Amino acid sequence: MSSRLRVALVFLALLALCWVGAVLWWQSSPQIVTASDLLMGLVLVPSGLCLAVGLAWFGWRRFSAPAAAPTPIATAPTDEAPKITAPPEVLVLAAGVSTAGGDAAGAVIEGITGGELMPEPESEFLDLDGLPVRMRRAADLSVDELHDWLTAEGADAVALPSAVLRGLALAPAAIRPVIEQVVAAMPEPVSRHAAPRALPIVVRVLVSRRWSEPHQALVTRWIEHLIASVWPEALPSVRLTAADDGSTALSEIRAWQADAAQIRNLLLLAVDSHIDEAVIERSASERSLFAYDNPEGLVPGEAAAAVLLARPETANGWPVLARLRAPLSAQRDAPPRAAGRLDTALLESLLSAALDGVATPVDAVAAVFSDGDVRPTRAVEIAAAMNNVLPHLDPVADRVGLGAALGDLGVAGTTLALALAAAHTEQTQKPTLLAALADPLSRGVLLLQAYEPEPATS
């Protein structure tokens, strides 16, 4: 019997009980039954009783029902649940960041955990009510190198939106340190007459889908220029992907990891900026900016981040920041609700799956890095999931929330979280979890662990 039919039968039984009781009461009492008695006994009392029982049943189901069973976890490229039994391991060899909190990963982490970094009202940008827009932008961001390159390319007449201009200007501080490490590890050429050599990497660049195709083409040329300024020989393969959210970074990692024919390491770069008058005006007109009466609104931010990933057999003896297993991801059925009970089952199942099959105890995890921003739904979701899966961690002190400190980082959020989490793992030598939940529907998780070199064999 279906649940709806059972509920209907229960309410019919309540109505019948009320009506029988009313008739028996009238038969046993000497007074004349009036129209008001009929209304009270046959309509109002039964309706009130059914309503009270219904509310009591709903409240009992809501607050005492067991948590829903974990949703099956989907990983690209199939819809099957992930198998955590010895997936291919990936090593994080290097990372570079460029944020409103600086270009040093350690300093950015300290600024976030110490509460020194947080969005602030900027009087240059006003909402429809004339109030300063709360945001976090990189102070004193230099665009001189970019302007010089545009002039040399004959593209100085191209009108770049502020978001594109700032995103491109953020890229050098993120990608150059990584390229320099790759170049430093290159062996000397066998001869000065040898053919130009390409770096043993493939470069994947993530930008916002909001950027037009001509601007995206300009991004590719700019990244190639930045690489050529450090490595004057043959350029590596550079491919750009326009994305809707930062979790696309996890898809790029999985695709490279699953390509057994790919022998080159992966350099993943993501850049994005919401510091753009047109973007802010559009958001203001749509009433989608953060405000006291809209805590789920946009807080503009910007960042660039780069990570260099390798398989153990292609690490070439380079220093390693951390190691990780296959990233896990899945889609929520609906965005988190601003009110009512928050569904954390999917995020909890992803966190648990990332820890399954790993020899490291759960209570060894030292911190959780998240790209979630200032929206309360994200903070509550990750805090509740940590309480249930990682009860030894403080959901406030042991959670490094990038977006809450740096604003909405768009497609750069997850890559920046990975870069900072890898630096944190290398510094503490303890496992770190990354949770990607800035997007309304996409959820992603990966576990980073300290790298332990294989013992030398004689």
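Helices (H or I, at least four residues) and strands (E, at least two) are DSSP runs that are numbered from the N terminus. The legends below refer to a predicted model.

**Figure 1. Overview of the protein chain.** The protein chain contains 12 helices and 13 strands. Of its 458 residues, 47% are buried. Among contacts in the chain with a separation of 6 or more, 77% are made by residues 24 or more positions apart.

**Figure 2. The loop position of Pro 431, between H12 and E12.** Pro 431 is placed in the loop that runs between helix H12 (413–428) and strand E12. The relative accessible area of Pro 431 is 9%, and because buried means under 20%, Pro 431 is buried. Beyond residues up to four places away in sequence, Pro 431 touches Thr 360, Ala 364, Val 365, Ala 366 and Ala 367, and also Leu 447, Leu 448 and Gln 449. The C-alpha atoms of Pro 431 and Ala 421 are separated by 9.3 Å, the two residues being 10 residues apart along the chain.

**Figure 3. Ala 436 in strand E12.** Strand E12 covers residues 432–436, and Ala 436 lies in this strand. Ala 436 has a relative accessible area of 3% and is buried. Gly 246 is 190 residues apart from Ala 436 in sequence, yet the two are 7.8 Å apart in space, C-alpha to C-alpha. Residues up to four places away in sequence aside, Ala 436 touches Asp 371, Thr 414, Ser 442, Arg 443 and Gly 444.

**Figure 4. The cavity found in the whole structure.** A search of the whole structure gives one cavity of 30 Å³ or more. The volume of the largest cavity is about 50 Å³. Its lining comprises 10 residues, and those nearest the centre are Asp 371, Leu 409, Gly 410, Gly 413 and Ala 438. Sorted by class, the lining of the largest cavity consists of two nonpolar, five polar and three charged residues. Asp 371, one of the lining residues of the cavity, is also among the residues that Ala 436 touches.

**Figure 5. Packing of helices H4 and H6.** Two packed helices are described by the angle between their axes and the distance between the axes. For helix H4 (residues 144–152) and helix H6 (residues 213–230), the angle is about 105° and the axes are 12 Å apart. Angles of 65 to 115 degrees count as roughly perpendicular, and H4 and H6 are therefore roughly perpendicular to each other. From H4, Glu 145, Leu 146, Trp 149 and Leu 150 meet Leu 218, Arg 221, Trp 222, His 225 and Leu 226 of H6. By class, this contact of H4 with H6 holds six nonpolar, one polar and two charged residues.

**Figure 6. Val 219 within helix H6.** Val 219 is placed in helix H6 and is buried, with a relative accessible area of 1%. Neighbours within four places in sequence aside, Val 219 is in contact with Leu 168, Val 205, Val 207, Trp 211 and Leu 240. Leu 168 and Val 219 are 51 residues apart along the chain, and their C-alpha atoms are separated by 7.0 Å.

**Figure 7. Val 389 in helix H10.** Helix H10 spans residues 376–389, and Val 389 lies in it. With a relative accessible area of 13%, Val 389 is buried. Its contacts, not counting residues up to four places away in sequence, are with Glu 348, Leu 351, Ser 352, Leu 355 and Val 362. Val 362 and Val 389 are 27 residues apart in sequence and 8.6 Å apart in space, C-alpha to C-alpha.

**Figure 8. Burial along helix H7.** Helix H7 (residues 248–258) is mostly covered, since eight of its 11 residues are buried. These buried residues are Thr 248, Ala 249, Leu 250, Glu 252, Ile 253, Arg 254, Trp 256 and Gln 257.

Figure 9. Most residues other than glycine have a negative phi. Asp 140 is placed in the loop between strand E3 (132–135) and H4, and it is exposed, with a relative accessible area of 79%. The place of Arg 287 is in the loop between helix H8 (277–285) and strand E7 (302–310). Arg 287 counts as exposed at 53% relative accessibility, because exposed means over 50%.

How values were computed
Residues are numbered from 1 along each chain as its sequence is written. This is a predicted model: local features need pLDDT of at least 70, side-chain atom pairs count only at pLDDT 80 or more; totals for chains, interfaces and linings use all residues. Side-chain values use heavy atoms; hydrogens and water are left out. On a 1 Å grid over the protein atoms alone, a cavity is a set of points where a 1.4 Å probe fits but cannot get out, and a pocket is an open set with protein on both sides within 12 Å along at least five of seven lines; lining residues have an atom within 4 Å of a point. Grid points are joined across faces, edges and corners, and a volume is the space filled by probe spheres set on the points. Ala, Val, Leu, Ile, Met, Phe, Trp, Tyr, Cys and Pro count as nonpolar, Asp, Glu, Lys and Arg as charged, and the others, Gly among them, as polar. Axes are lines fitted to C-alpha atoms, for helices over the stretch in contact, and angles run from 0 to 180 degrees between N-to-C directions. Angles under 35 degrees count as roughly parallel, over 145 as roughly antiparallel, 65 to 115 as roughly perpendicular and the rest as oblique. Contact means heavy atoms within 4.5 Å. Buried means under 20% relative accessible area, exposed over 50%, partly exposed in between (1.4 Å probe, protein chains only).
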